[in-house]
Amino acid sequence: MDRVILHIDVNSAYLSWEAVDRLQHGALLDLRDVPSVVGGNEASRHGIVLAKSIPAKRFGIQTGETLYSARQKCPGLLSVPPRYDLYTRCSKALQELLREYSDAVQVFSVDECFVDFSASIRLMGDPVTVADEIRRRCRDELGFTVNVGISTSKLLAKMAGDIKKPDKTITLFPDEITTKLWPLPIEDLYMCGPATAPKLRKMGIHTIGDLARTDAAILRYTLKSFGQLLWNYANGIEASEVRPSSPKVKGIGNSTTTSRNVEDLEHADLVLLSLSESVGARLRAGGWCTRLVAVSIRNADFASSSRQRTLSFATDSTMQIYEEARLLLRELWRGEPLRHLGIRTSQLTPADGMQFSLFDLDVGRRQALDSAIDGIRKRYGCNAVQRGVFVNSGIRPMTGGVGDDEYQMMSSML
Amino acid sequence: MEYRSPSEKQLQQMLNDLNHGGGMRPVDVIARFIGIQAPRPVKFRLPQEDVTVIVDRIISQSEDRRAGNRMIVYCCESEVRGVKRRYELKYEIATCRWYLCSG
């Protein structure tokens with residue numbers, strides 16, 4: 001029996017969500033009606049476009065380009081900063097809505113979900129009708145539009161949703177592949193990116209149909225197992241399950257790309273301290289303690305490395321995480337200019353069951369301090385209290401946002 | 001007289017003002033909580049003007065769930081200076097804040 005899979009994708013997520021939030025709070029302008037973008041902070045470093053409105057698209061503005069170049073294309077462009085707490089909230093609202101239709105909901109990313117509808121057909125009826133209902137409810141109840149792709153596999157459902165936007169229900173069942181999928185350019189095939197596409201075009205493969213009709217052995221010869229994957233995808237062959245996300249948090253981390261190269265230990269330590277503040281605060285807020293601290297670095301040439309250590313005790317203290325991170329960095333770093341640092345903690349245990357180190361006499365005072373600082377920040381904001389070393393340092397006292405740890409994802413694997 | 005078009009910053013500020021609090025403003029409210037029902041506003045005050053209005057009648061109550069942010073919307077009516085006026089009061093559950101809208 002064939003499965004029925006739905007892929008739900010929010011149209012211009014960051015921008016739509018920002019637009020709806022503003023409307024709900026009394027704004028008279030809908031950001032989606034004017035050329036607008038969600039862009040990173042321009043003042044601190046080179047901001048880039050994270051999301052764009054449809055009017056902005058007409059000016060040729062693309063996701064990923066700098067705000068500077070976007071403004072050149074459209075001088076009156078409105079830019080708003082990203083708000084990740086808003087996006088998490090909207091994403092959860094979407095997930096909740098989808099769970100009314102099936103319990104097999106896989107949160108693929110903050111703005112995309114897969115739903116295995118197979119078991120629900122008998123109860124709820126025709127998937128296209130249900131998809132239209134989902135779209136209507138997202139629009140009317142949640143305030144933003146989504147695309148829904150329907151097929152028998154996650155791959156085809158996802159590709160279906162990409163065919164025409166916004167606010168559409170599109171099917172791409174196996175018998176529709178030749179008419180709907182094959183005419184598309186190969187760049188539109190999932191997993192075929194800016195590195196692979198030119199290679200395929202050189203081989204005379206310009207459309208997904210060309211790729212599908214090419215002998216798989218030739219593709220394997222040029223692109224190895226990836227070639228076989230592409231061929232499978234072009235022929236709609238993909239069978240992964242819809243995996244409902246486990247709600248369990250596996251780790252908490254924060255990382256940052258610095259605005260200028262990090263070239264000495266003092267600078268690096270400051271960045272690590274700043275990251276430790278964020279990580280520590282989030283651990284305590286979640287009621288976790290960690291036993292594993294990992295530091296990752298990336299140099300100006302994009303080479304990454306990391307080092308981790310399991311502690312003999314569990315901790316939620318900013319300073320303990322920081323001390324461990326400092327040691328790890330000194331073991332890891334060879335002194336070349338760095339551009340990206342990260343701290344990751346895992347092996348989490350609930351804070352109330354914590355095993356302290358037998359040698360640690362200061363734990364009570366440290367916890368009191370951390371707790372007092374958390375209290376002040378909760379009431380008066382994160383900038384209300386900061387460590388003295390950050391004054392005039394050019395580095396923010398707390399770096400890193402919500403982080404992607406909630407989604408075992410940002411993976412391109414279905 | 002020379003005309004100077006608004007600077008980028010001024011334009012942003014104008015648009016910001018339009019976007020934020022254009023149609024809605026925070027107000028102080030006294031409300032009645034009975035049992036497990038949603039709170040019912042009794043009277044509200046505009047903090048800046050120090051004006052108080054008694055809610056004569058709640059015509060309807062609904063929920064606004066946009067962007068996953070639950071707000072209870074009360075369509076209300078009050079007689080102010082001899083004229084019956086309709087407006088909306090919104091209660092934002094996540095922040096426990098009340099807003100007045102023209103409705």
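A67(B) is buried at a relative accessible area of 0%, where buried stands for under 20% relative accessible area, exposed for over 50%, and partly exposed for the range in between (1.4 Å probe, protein chains only). This residue of the predicted model sits in the loop between β4 (57-64) and β5 (71-80) of chain B; helices (H or I, at least four residues) and strands (E, at least two) are DSSP runs numbered from the N terminus. The phi angle of A67(B) is near 55°, a positive value in a residue other than glycine. Most residues other than glycine have a negative phi, and most peptide bonds are trans.

Residues are numbered from 1 along each chain as its sequence is written, while chains are lettered from A and ligands numbered from 1 in the order in which they are written. In this predicted model, local features need pLDDT of at least 70, side-chain atom pairs count only at pLDDT 80 or more, and totals for chains, interfaces and linings use all residues, with side-chain values resting on heavy atoms and with hydrogens and water left out.

Chain B as a whole contains one helix and seven strands, in the order α-β-β-β-β-β-β-β along the sequence. Of its 103 residues, 28% count as buried. Contact means heavy atoms within 4.5 Å, and among the chain B contacts between residues at least 6 apart in sequence, 27% join residues at least 24 apart. The accessible surface of chain B is about 7,100 Å², with 51% belonging to carbon and sulfur atoms; areas come from the Shrake-Rupley method with a 1.4 Å probe, and for residues only the protein chains shown count as cover.

Turning to chain A, the model shows 14 helices and twelve strands. The radius of gyration of chain A is 24 Å, close to the 22 Å that the globule rule gives for 414 residues, so chain A is as compact as a globular protein of that length; the radius is taken over C-alpha atoms, and the rule is 2.2 Å times the number of residues to the power 0.38. Along the principal axes, the C-alpha atoms of chain A fill a box of roughly 70 × 55 × 50 Å. Buried residues make up 49% of the 414 residues in chain A. Of the chain A contacts with a separation of 6 or more, 65% come from residues 24 or more positions apart.

T290(A), in strand β10 (residues 288-299), has a relative accessible area of 0%, and its contacts beyond four places in sequence include I321(A), T345(A) and S346(A). A polar atom of the T290(A) side chain lies 2.8 Å from the backbone oxygen of S346(A). V279(A), in helix α12 (residues 265-286), is likewise buried at 0% relative accessibility, and among its contacts beyond four places are I252(A), I321(A) and T345(A). The C-alpha atoms of V279(A) and I321(A) are 8.5 Å apart, although 42 residues separate the two in sequence.

Two loops of chain A also deserve a look for their backbone geometry. S12(A), in the loop between β1 (5-10) and α1 (13-24), has a positive phi near 40° and is partly exposed at 28% relative accessible area. K165(A) and P166(A) are joined by a cis peptide bond with omega about 0°, and P166(A) lies in the loop between α7 (154-162) and β8 (169-171).

How values were computed:
Polar contact = N/O pair within 3.5 Å; in protein donor to acceptor, adjacent residues only side chain to side chain.
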